[in-house]
Amino acid sequence: METGCQGRSGPLDESLAPLSSAAALKEANRCLFCYDAPCTHACPTHIDVPRFIKKIATGNLRGSAQTILEANLLGATCARVCPVQELCEGACVLGASHEPISIGRLQRYAMDSAYRQERLGVQPEKSTGKRIAVIGAGPAGLSCAGELARRGHSVTIFEKRALPGGLSTYGIIGLREPMEIALAEARMIEQLGVTVETGAALGDPLDLAELKARFEIVVLAVGLGRTPRLNIPGEEHVLDGLDYIERSKTSLASFRTGKDVVILGAGNTAIDCATVARRLGAERVTIVYRRTEREMTAYEHEYAFAKGEGIEFRFLAQPVRVLSKGGQVVGLECARIRLGAADASGRPSPELLPDLNFTLPADEIVRAIGQQKPSLAATLPLKTTHGYITVDENFETSIAGVFAAGDCVRSHGAASTVMAVQDGKLAAAAIHAKLTDAQAAGGRV
């Protein structure tokens, strides 16, 4: 398993080199090993952080990885993509007067060592004979499937893409997570006995009624949809942000970027798109956002990173028309904005200022303005909340025996990889309890 920055120096290789053994040992020994540690509470999957770091300090890397995997089967991914500054490291008691422990890098060190040596130590229990179908092989689906498999259940994942991993494989910039990391974790889930069938989407050719007849439980872990349209003239020339990142991971050798690149949106995906453009040769990269930096959904450290890359920001600006000549983009016309009363999101609503439009030069425009609600929520007879699939406290939908987890159910609060992993874990625990109760009662779910 490639651990990044070893023998490679490409512009989109992992930004942080892996810790050396000496550096990891030194960092682990800085930990105070707090009782009732705030870092563990701050982790959405509640990894026992002091315990896994203590095992690094004593040279027990396999035990360290096993501690991580007890709470989070996608520990190698989360070590890379979690916003640790906002979570575990942000809660570190050393952060007030010293540098917080580099928890994310230590977690990556332990997980990469375990993958290299193929000593993960995750084993399934005796088979229960119960069959579960999981739709979607992203972080929520893989987490749910893996947790169910190690409880002894037979799990089949149906994934519409050619490769498993969801956004970890296709939609997170290689600078943060190389493709091979996500694929290695998917293989580990398969080694637990999970079957992964790719090229199989619900509705084409899968049918929910048929799945319910074949499996005791069906889990929907379908994530969100594509990037919404702008609905402005000339939009046919605008590139999709998720496709842009995917090409940078799957077709880097043939990837070409413009000289003047404009990115629309100010979330973490927009930062990733801007970074791709900048690192692959764009002379000028500008992020256009209709609110101010206070309302950005990108994390503060991502904003600082982007500015450090030389990426420019134009706030209080809204695209109104793409300018082109002979089929080639030449600019983006924007309206100036003022902020009004709060909208449904709780943020001030943008209001166009008349007769103050301006034009930005651009030969490439990329939209990264979030993702659409899960399309299955509208096509299946499921109860929804603001377009997201509604689930109860056990992640069961309005259809008995059909569960859902991950971004497709997150009608409020921030969506992230680690939250999807935790959703999958909690859903698996609830499903296992339901199957166990049904078995004790002698009936089918």
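Predicted model: local features only at pLDDT ≥ 70, side-chain atom pairs only at ≥ 80, totals over all residues.

User: At what angle do helix H1 and helix H3 pack?

Analyst: Helices are DSSP runs of H or I with at least four residues, and strands are runs of E with at least two, numbered from the N terminus. Axes are lines fitted to C-alpha atoms, for helices over the stretch in contact, and angles run from 0 to 180 degrees between N-to-C directions. Here H1 (residues 21-28) and H3 (residues 49-57) pack at about 130 degrees, their axes 8 Å apart.

User: Which residues of H1 and H3 make the contact?

Analyst: Contact means heavy atoms within 4.5 Å. Ala24, Leu25 and Ala28 of H1 meet Ile53, Ile56 and Ala57 of H3.

User: Which residues of helix H14 are buried?

Analyst: Buried means under 20% relative accessible area, exposed over 50%, and partly exposed in between (1.4 Å probe, protein chains only). In H14 (residues 300-308), Glu302, Tyr303 and Ala306 are buried. They fall within an arc of 100 degrees seen down the axis of H14, so they line one face of the helix; the arc is that of the directions from the helix axis to the C-beta atoms. An α-helix has 3.6 residues a turn, so residues three or four places apart point the same way.

User: What do the buried residues of H14 pack against?

Analyst: They pack against helix H13 (268-279) and strand S10 (312-314). The face of H14 turned away from the buried side carries the exposed residues Glu300 and Gly308.

Notes. Residues numbered from 1 in each chain as written. Heavy atoms only, no water.
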